[in-house]
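Reader: I am new to this structure. Please pick one part and go over it closely.

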Amino acid sequence: MDRKKKSIVELTNCSVAEYKGIDKLPIKVVTDNVRSMYNIGSIFRTSDAFLVDEIILGGISGCPPHPEITKTALGAEETVEWRHVEDAVAAVKDLKEQGWIICSLEQTHNSTPLGDFRPQRDARYVLIVGNEVEGVDQRLVDMSDVVLEIPQHGVKHSLNVSSSASIALWHLFSNI
């Protein structure tokens with residue numbers, strides 16, 4: 001059994017131009033006032049890996065170009081489509097009117113454990129992730145079609161927003 005680590009050349013999937021030509025999954029990520037540029041960069045990197053259609057950076061969420069985003073995104077800020085909106089609530093309302101299924105990643109009463117959520121193959125999804133302290137704005141939670149929660153069993157009650165986004169995007173990527 002060959003377990004030699006792959007070289008950087010072996011790990012390269014495609015060029016930026018080739019990536020931009022690949023069909024993306026019907027998934028958008030909305031960052032609701034995510035203040036850490038490192039978290040934003042990490043969300044870009046995960047979104048690149050899982051073929052996210054677009055990142056919508058809401059409110060105070062940082063935007064490229066920024067050195068801290070670049071440090072964690074490692075170039076994904078150049079491959080993943082993105083835009084900034086001042087008002088994430090208005091942006092999500094528009095997407096909902098266009099038929100996108102709105103999914104907040106948040107801890108609420110009657111939330112759906114992430115592992116129990118089975119996305120429909122012909123649907124389009126918006127994954128909303130929230131501020132590192134306040135979480136997803138309650139107005140966004142209220143307009144969500146489903147609230148997804150990552151079950152946790154340790155002393156801490158939450159994960160870092162970029163870690164949570166990565167787990168949820170992997171689940172969507174694996175099940176669409």
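**The largest pocket, and what lies beyond it**

Author: Helix α3 contributes three residues to the lining of the largest pocket, the most of any element (helices are DSSP runs of H or I, at least four residues, and strands runs of E, at least two, numbered from the N terminus). The model is predicted, so local features need pLDDT of at least 70 and side-chain atom pairs pLDDT 80 or more, while totals for chains, interfaces and linings use all residues. Residues are numbered from 1 along each chain, and side-chain values use heavy atoms, without hydrogens or water.

The largest pocket holds about 590 Å³ (an open set of points on a 1 Å grid where a 1.4 Å probe fits, with protein on both sides within 12 Å along at least five of seven lines; lining residues have an atom within 4 Å of a point). Its lining has 18 residues, with Leu11, Thr12, Asn13, Cys14 and Asp48 nearest the centre. Two or more lining residues come from each of α1 (8–11), α2 (16–21) and α3. By class, 11 lining residues are nonpolar, five polar and two charged.

The second largest pocket has about 380 Å³. It is lined by 21 residues, and Leu105, Glu106, Gln107, Ser158 and Leu159 are closest to its centre. Here β6, β7 (146–149) and α7 each give two or more residues. This lining has eight nonpolar, nine polar and four charged residues.

Helix α7 also has buried residues (under 20% relative accessible area, 1.4 Å probe), among them Val161, Ala165 and Leu172. The buried residues of α7 pack against several elements, including α3 (37–49) and β6 (125–130) (contact means heavy atoms within 4.5 Å).

Key
Buried means under 20% relative accessible area, exposed over 50%, partly exposed in between (1.4 Å probe, protein chains only). Grid points are joined across faces, edges and corners, and a volume is the space filled by probe spheres set on the points. Ala, Val, Leu, Ile, Met, Phe, Trp, Tyr, Cys and Pro count as nonpolar, Asp, Glu, Lys and Arg as charged, and the others, Gly among them, as polar.
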